[in-house]
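Please read the following explanation alongside the coordinates, moving from the overall fold to individual positions.

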Amino acid sequence: EAHLARIEAVDEKVHAFLHVDREGALAQARAIDAKREKGEKLGPLAGVPLALKDIFTTEGVPTTVGSKILEGWIPPYDATVTRKLKEAGVVILGKTNMDEFAMGSSTENSAYGPTGNPWDLTRIPGGSGGGSSAALASYEAPLAIGTDTGGSIRQPAAVTGTVGVKPTYGGVSRYGMVAFSSSLDQGGPCARTVLDAALLHEVIAGHDELDSTSIDAPVPSVVEAARNGSVQGMRVGVVKQFAGEGYQAGVVQRFQESVALLKELGAEIVDLDCPSFDLALSAYYLIAPSECSSNLARFDAMRYGLRVGDDGTKSAEDVTALTREAGFGDEVKRRVILGTYALSSGYYDAYYGSAQKVRTLITKDFEKAFEQVDVIVSPATPTTAFPIGERADDPMAMYLADVCTIPSNMAGNAAMSLPCGLAPEDGLPVGLQIIAPAMKDDRLYKVGAAVE
Ligand code: GLN
């Protein structure tokens with residue numbers, strides 16, 4: 001009730017939520033209370049409220065993915081993440097705002113209007129999961145869930161002063177998580193502290209036979225790691241390519257202070273060179289749109305949500321075209337066109353094929369790096385939160401918000417962003433990124449808890 005009251009008080013301004021499930025949340029909470037009174041066994045997060053990114057299906061509760069094309073669609077089933085949350089006793093407060101189909105870095109691409117950054121409502125809360133991070137930063141929810149295809153958990157965490165983790169690819173089930181770029185998409189925990197993120201991580205992670213890319217191995221012990229933060233004797237890498245032009249002075253300053261702190265706490269700092277990282281952004285903007293053009297073909301006006309022009313006089317093809325024209329926003333259309341082009345015969349090898357080769361080089365650069373270090377650290381984003389509207393008409397400037405986060409999606413390893421202070425020039429939060437090898441998610445929490 002306290003969190004629902006907080007949402008009522010501030011969300012008109014913040015706009016973190018697309019849908020508040022007041023009745024559902026209260027019913028869930030009452031059911032847990034009843035269980036407790038009867039002395040029944042409760043889940044590990046019984047009664048803890050959470051804000052769920054509107055990309056996860058929720059049975060009987062609207063799921064829009066920030067798009068008009070799914071307006072009015074009520075999913076008949078729960079995503080695996082949703083199911084696991086419910087089983088753990090988590091109370092789902094509602095669904096959070098996001099860039100349409102998770103395409104963006106500012107939440108400005110939502111068809112339902114932007115979200116404000118609670119630190120300064122005229123600035124972006126990051127994206128695509130800006131609603132989830134804003135809900136945490138404004139104390140509307142203590143826990144949230146995001147998805148990270150190129151940075152959509154870590155970048156919003158960085159610019160809102162919260163913690164966000166992209167687990168190892170395959171660590172958290174994608175079943176019922178609306179697909180953007182299937183080989184990159186990964187759901188993960190968002191919270192205000194490293195330990196809270198770990199507690200949530202263990203609830204949502206684990207093998208799921210409904211997702212063919214789900215890893216069939218035990219979940220790394222992230223809670224234990226978060227309770228025992230230490231970097232004593234660890235080798236920590238600093239990559240040359242995560243610096244230079246476009247990085248804000250205050251972000252660099254706080255990052256360097258974090259590196260100094262790591263050293264002081266007993267870590268050995270190792271300088272690394274990963275030349276392929278400079279190509280990651282360009283390769284991502286071929287691979288992600290290619291996969292999205294294929295994934296979004298299912299929105300054909302026949303299966304879900306919106307249907308435009310169905311007056312009995314038009315062909316099915318026309319209805320599909322009219323619906324997609326009306327239902328998708330500019331950024332989604334830009335990516336579908338880009339991806340369709342990159343995958344077309346005659347161009348496939350030149351674009352998609354080359355991008356896949358770059359992806360292999362990035363994976364190899366990480367493999368070489370992790371022969372020398374246990375974790376890598378970098379700024380999570382090159383700048384602090386920028387003003388709403390500043391990059392809206394400049395896709396390239398927007399894409400640059402993810403230069404530090406994208407390499408990990410390409411390689412499928414684990415990464416976290418956590419707060420490391422405020423930039424002196426604007427007083428806004430700066431995020432420190434920690435990257436660990438695949439299936440070593442526990443290292444993120446061990447290091448994160450040490451420097452938090
Ligand atoms: N900002 C990146 C993009 O627009 C990443 C988004 C994401 O991680 N979902 O694709």
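The paragraphs below begin with the whole chain and then turn to annotated positions.

This is a predicted model, in which local features need pLDDT of at least 70 and side-chain atom pairs count only at pLDDT 80 or more, whereas totals for chains, interfaces and linings use all residues. Residues are numbered from 1 along each chain as its sequence is written.

The chain contains 15 helices and 11 strands, these being DSSP runs numbered from the N terminus (helices H or I, at least four residues; strands E, at least two). Its C-alpha atoms fill a box of roughly 70 × 65 × 45 Å along the principal axes. Of the 452 residues, 56% are buried, a term that requires 20 or more other C-beta atoms within 10 Å of the residue's own, with C-beta atoms placed from the backbone (12 or fewer is exposed, and in between is partly exposed).

An unreviewed UniProt entry lists K53, S128 and S152 under "active site", although such annotations may be inferred rather than shown by experiment. These residues are spread over 100 residues of sequence, yet they cluster in space, with a largest C-alpha distance of 10.8 Å.

K53 belongs to strand β2 (residues 49-53) and counts as buried because it has 32 C-beta neighbours inside 10 Å. S128, by comparison, sits in the loop between β3 (91-96) and α4 (130-137), and it counts as buried because 34 C-beta neighbours lie inside 10 Å. Leaving aside residues up to four places away in sequence, S128 touches a set of residues including M98, D99 and S152, where contact means that C-beta atoms, placed from the backbone, lie within 7 Å.

Key
Two residues are in contact if their C-beta atoms, placed from the backbone, lie within 7 Å.
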